[in-house]
Every structure is written in C-alpha cells, then in structure tokens.
Amino acid sequence: MTYGFIGALPFSPVSLKPTGEIFPVVRYGFSASVSKDGTLVYVENTAALAPHRLVWRDRKGKQLEVLDQVPRNIAKFSLSPDKRRLAVLSWQPSQISIRDLTSGRETVLVADQPYGNLNWTPDGRGLTLTRQRRGDSDI
C-alpha cells in the first residue's frame, strides 16, 4: 500500500485559471513545501510501513538532498534556516519536537496540544505556531 502523490497544475499568473491538467511531480509523498527558488521539499513514503525520508528536488526534478532521520508519525515539518534542526509536528502522540540533524537528539517542546502549522523565524532562534481552539486558529 502506498500513499498519494504530489501533483502540479499549470495555471496563468494573470487570470489565475488552470491552463492544463494536473500531473504527478512525485509518486509517493506528502507534506510538500516549495521554497522561493522553487526547491520542493517533501516527505517521501513508498509503503505504509517503510521509513519516511525528507527529500529536496529542484525545479527540474533532480534530487538535491535526502534526510533519512524523519519520524514515522510526522504530520508537518519545518527546517531551520541553517538546515541543522527539524521542527516536527507529530500526530500520535500530538506533539511538537525539535530534532538536531547532526546529533539525532530530539527535544519535545509541547505535547498534547492541537497545533496546525509551525515555521521557524527567519533568524532560526524561534518557532511560530498555529494552535486550534474552538474552531479558530491563534498564532
């Protein structure tokens, strides 16, 4: 069993309407993020029980980097600006942790809270979090 794909839909930046059909960019992946330079970062999973990997690809699809230290229960992630730490939002148990990618050490910051998004501050010294409360989101 495999999970989903990451697709792209060509569109006009003027009309903001589709100009073609959706096509697959990555066969097995989720939690995609695209940087300003067009680099795609996503969690790759080729089977339900296989280990997940974080993969970087350029605009042409060339694999740039792979990180094999991705937790299985990852829901969302954010890579620090210096690429040394990975903030991970996990879904079982519900928690936010920081993984040092050099040492592999993981530190739990918050547990048992319903969070929606997380992003590093530009200087890499903090995280912004979106928390779900009563159907509303708070930062």
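Biologist: Which residue of β8 is the bridge partner of Lys76?
Modeller: Leu89 is the partner. A strand here is a DSSP run of E with at least two residues, numbered from the N terminus. Keep in mind that this is a predicted model: local features need pLDDT of at least 70, side-chain atom pairs count only at pLDDT 80 or more, and totals for chains, interfaces and linings use all residues. Residues are numbered from 1 along each chain as its sequence is written, and side-chain values use heavy atoms, leaving out hydrogens and water.

Biologist: OK. How many bridges link β7 and β8?
Modeller: Five, and the pairing is antiparallel. Two strands pair if DSSP finds at least two bridges between them.

Biologist: What sheet are they in, and in what order do its strands run?
Modeller: An open sheet of four strands, ordered β7-β8-β9-β10, with antiparallel pairing. The edges are β7 (74-79) and β10 (106-111), and each pairs on one side only.

Biologist: New topic. Which residues make up the largest nonpolar core?
Modeller: There are 11, including Val41, Trp56, Phe77 and Leu101. β4, β5, β6, β7 and β8 each give two or more residues to this core. A nonpolar core is a set of buried Ala, Val, Leu, Ile, Met, Phe, Trp, Tyr and Cys residues, joined through side-chain atoms within 4.5 Å.

Biologist: What else lies apart from it?
Modeller: Another core, of six residues. Ile96, Ile98, Leu118 and Trp120 are among them.

Biologist: And Gln95, buried or exposed?
Modeller: Gln95 counts as buried because its relative accessibility is 16%. Buried means under 20% relative accessible area, exposed over 50%, and partly exposed in between, with a 1.4 Å probe and protein chains only.

Biologist: What does Gln95 touch?
Modeller: Leaving out residues up to four places away in sequence, its contacts (heavy atoms within 4.5 Å) include Val88, Leu89, Glu106 and Val108. Gln95 itself sits in β9 (residues 94-100).

Biologist: Why is Arg131 called partly exposed?
Modeller: Because its relative accessibility is 26%. Arg131 lies in β12.

Biologist: Last one. Which strand gives the most to the lining of the largest pocket?
Modeller: β7, with five residues. The lining has 20 residues, and Ser33, Ser35, Val41, Phe77 and Leu79 are the closest to the pocket's centre. A pocket is an open set of points on a 1 Å grid over the protein atoms alone, where a 1.4 Å probe fits, with protein on both sides within 12 Å along at least five of seven lines; lining residues have an atom within 4 Å of a point.
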